[in-house]
Amino acid sequence: MRYMEVVRTRAHGKINLGLDVLRKREDGYHEVRTIMQRVGLYDGIEIQCLGNLGAMRHIGIETNLKYLPANENNLAYRAAELLMDEFGITESIHIKIRKMIPVAAGMGGGSADAAAVLKGINRMFDLHLTEAELMERSIKLGADVPYCVMGGTALAEGIGEILTPIPPMPECIIVLAKPSISVSTRIVYGNLNVDEIKNHPDIDGMIDSIYRNDLRGMAGRLGNVLEEVTVAEYPVIGEIKQIMLNMGALNAVMSGSGPTVFGVFDDVYIAKNAYMALKSNRECRQVYITDGGNGDERY
Ligand code: ATP
């Protein structure tokens with residue numbers, strides 16, 4: 001099979017500008033209504049084709065974080081395997097992941113890597129799959145992977161796989177802070193009692209604000225029903241939100257199932273001050289300053 005020797009790409013993280021849970025389905029999954037927004041923060045992905053090594057096809061994984069799986073438990077491995085099995089690709093590959101997106105943090109890092117690998121393998125072996133065809137296959141890897149294939153800004157419904165693209169969020173600066181705790185998505189959803197949710201975010205109002213390019217309208221509607229569950233258990237999330245607000249964020253909220261908190265700023269100097277304050281705060285493990293990351297995915 002003809003192939004490119006190396007493909008390099010970026011796997012962008014996401015934040016949830018608004019996240020509502022409508023109900024728990026009989027199969028145990030939760031039906032959500034959420035606005036996903038890509039951020040500039042990304043993992044670097046390099047896929048190298050090693051050619052046909054004979055006996056057995058091999059998919060190698062290498063990451064800069066020792067505690068991440070470097071085998072079939074890595075979503076990047078499973079993404080490569082999915083397409084290579086379907087198209088009978090017998091060449092071996094090696095995938096290097098330079099992890100920047102906080103792990104198990106509500107920023108969809110694993111899903112982003114999987115989506116980048118699907119696109120990378122498509123390019124490397126010239127499979128001619130369209131974005132829609134990649135999205136269709138990607139749902140097997142996780143509910144957020146179809147969104148990561150598409151990127152940009154989107155309303156996600158169902159379990160997150162029914163996607164409607166919307167215009168990019170208004171221009172702003174995002175400060176991300178992850179406290180030194182790990183939160184399991186499964187446990188957060190498990191502890192959520194949908195009937196007891198008091199404040200549902202105004203997702204439709206937020207979509208209107210985005211269409212009107214109204215940053216304050218959008219920021220005023222940031223909301224996440226999972227925050228109540230997580231803040232109750234980890235008060236540090238509420239504390240980080242308060243620091244962001246005190247430092248001049250238009251608003252701040254937890255992303256996905258947490259624990260990453262993001263603040264939305266309209267002034268770069270104010271955002272940098274907040275970033276510096278959070279950087280020197282002992283409660284914060286990783287702090288980043290970024291934007292909607294609408295640049296090219298190749299580098
Ligand atoms: P989401 O926002 O979709 O809930 P998340 O931020 O909770 O995602 P991830 O960072 O994707 O979670 O990682 C969750 C778990 O998945 C990790 O604990 C890790 O062991 C495993 N994992 C497998 N592959 C990857 C990968 N490529 N990057 C990060 N984690 C991975």
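Which residue of β10 is the bridge partner of Ile-173? Keep that in mind as you load the structure, which is a predicted model.

**Stop 1**

Select residues 173–179, which make up strand β7, together with 261–265, which make up β10. These two strands run antiparallel and are joined by five bridges. To settle the opening question, pick Ile-173 and look across: its bridge partner in β10 is Phe-265.

Now widen the selection to bring in the rest of the sheet. It is an open one, with four strands in the order β9-β10-β7-β11 and antiparallel pairing. At the edges you will find β9 (251–254) and β11 (284–290), each of which pairs on one side only. Going from one strand to the next, the twist averages 15 degrees.

Check the peptide bond from Gly-258 to Pro-259: it is cis, with omega near 5 degrees.

**Stop 2: helix α8**

Select 226–233 to show helix α8, and colour Leu-226, Glu-227, Val-229 and Thr-230, which are buried. Turn the view until you look down the axis of α8: the buried residues fall within an arc of 160 degrees, so they line one face of the helix. What do the buried residues of α8 pack against? Show β1 (6–24), α5 (185–190), β8 (223–224), α9 (235–246) and β9, and you have the answer.

**Stop 3: Lys-14**

Strand β1 is also where you will find Lys-14. Is Lys-14 buried or exposed? Its relative accessibility is 5%, and a residue under 20% counts as buried, so Lys-14 is buried.

Show the neighbours of Lys-14 next. Leaving aside residues up to four places away in sequence, Lys-14 touches Met-36, Gln-37, Arg-38 and Val-39, as well as Gly-106, Met-107 and Gly-108, among others. Asp-144, Tyr-147, Ser-255 and Gly-256 are also among the residues it touches. Then display the side chains of Lys-14 and Asn-16, which are joined by a polar contact of 2.7 Å.

**Stop 4: the ligand**

Centre on the ligand and show what is around it. How many residues surround the ligand? There are 18, and the closest are Asn-74, Lys-99, Ala-104, Gly-108 and Gly-110. Gly-108 was also on the contact list of Lys-14.

- From Asn-74, an N or O atom of the side chain is 2.9 Å from a nitrogen atom of the ligand.
- From Asp-144, an N or O atom of the side chain is 3.0 Å from an oxygen atom of the ligand.
- From Thr-185, a polar side-chain atom lies 3.3 Å from an oxygen atom of the ligand.

**Stop 5: helix α3**

Select 131–138 for helix α3 and highlight Leu-134, Met-135, Arg-137 and Ser-138, which are buried. Looking down the axis of α3, you will see the buried residues fall within an arc of 165 degrees, so they line one face of the helix. The elements that cover them include α1 (75–86), α2 (109–124), α4 (145–150) and β6 (162–166).

In the loop between α2 and α3, stop at Asp-126. Its phi is near 50 degrees, a positive value in a residue other than glycine.

**Stop 6: strand β5 and its partners**

Select residues 153–157. Four of the five residues of this strand, β5, are buried, so the strand is largely enclosed by the rest of the structure. Strand β2 (residues 30–51) runs antiparallel to β5 and is joined to it by four bridges; look for Ile-35 opposite Leu-155. Strand β6 is antiparallel to β5 too, through five bridges, and here Thr-153 stands opposite Ile-166. The hairpin of β5 and β6 has four residues between the strands, and in it Gly-158 takes a positive phi near 70 degrees.

**Last stop: Asn-213**

Finish in the loop between α6 (203–211) and α7 (215–220), where Asn-213 is found. Its phi is near 55 degrees, again positive in a residue other than glycine. With a relative accessibility of 54%, Asn-213 counts as exposed.

Terms used
Residues are numbered from 1 along each chain as its sequence is written. This is a predicted model: local features need pLDDT of at least 70, side-chain atom pairs count only at pLDDT 80 or more; totals for chains, interfaces and linings use all residues. Side-chain values use heavy atoms; hydrogens and water are left out. Two strands pair if DSSP finds at least two bridges between them. Axes are lines fitted to C-alpha atoms, for helices over the stretch in contact, and angles run from 0 to 180 degrees between N-to-C directions. Buried means under 20% relative accessible area, exposed over 50%, partly exposed in between (1.4 Å probe, protein chains only). The arc is that of the directions from the helix axis to the C-beta atoms. Contact means heavy atoms within 4.5 Å. A residue is near a molecule or strand if one of its heavy atoms lies within 4 Å of it. A polar contact is a pair of N or O atoms within 3.5 Å; within protein, one must be able to donate a hydrogen and the other to accept it, and residues adjacent in sequence count only if both atoms are side-chain atoms.
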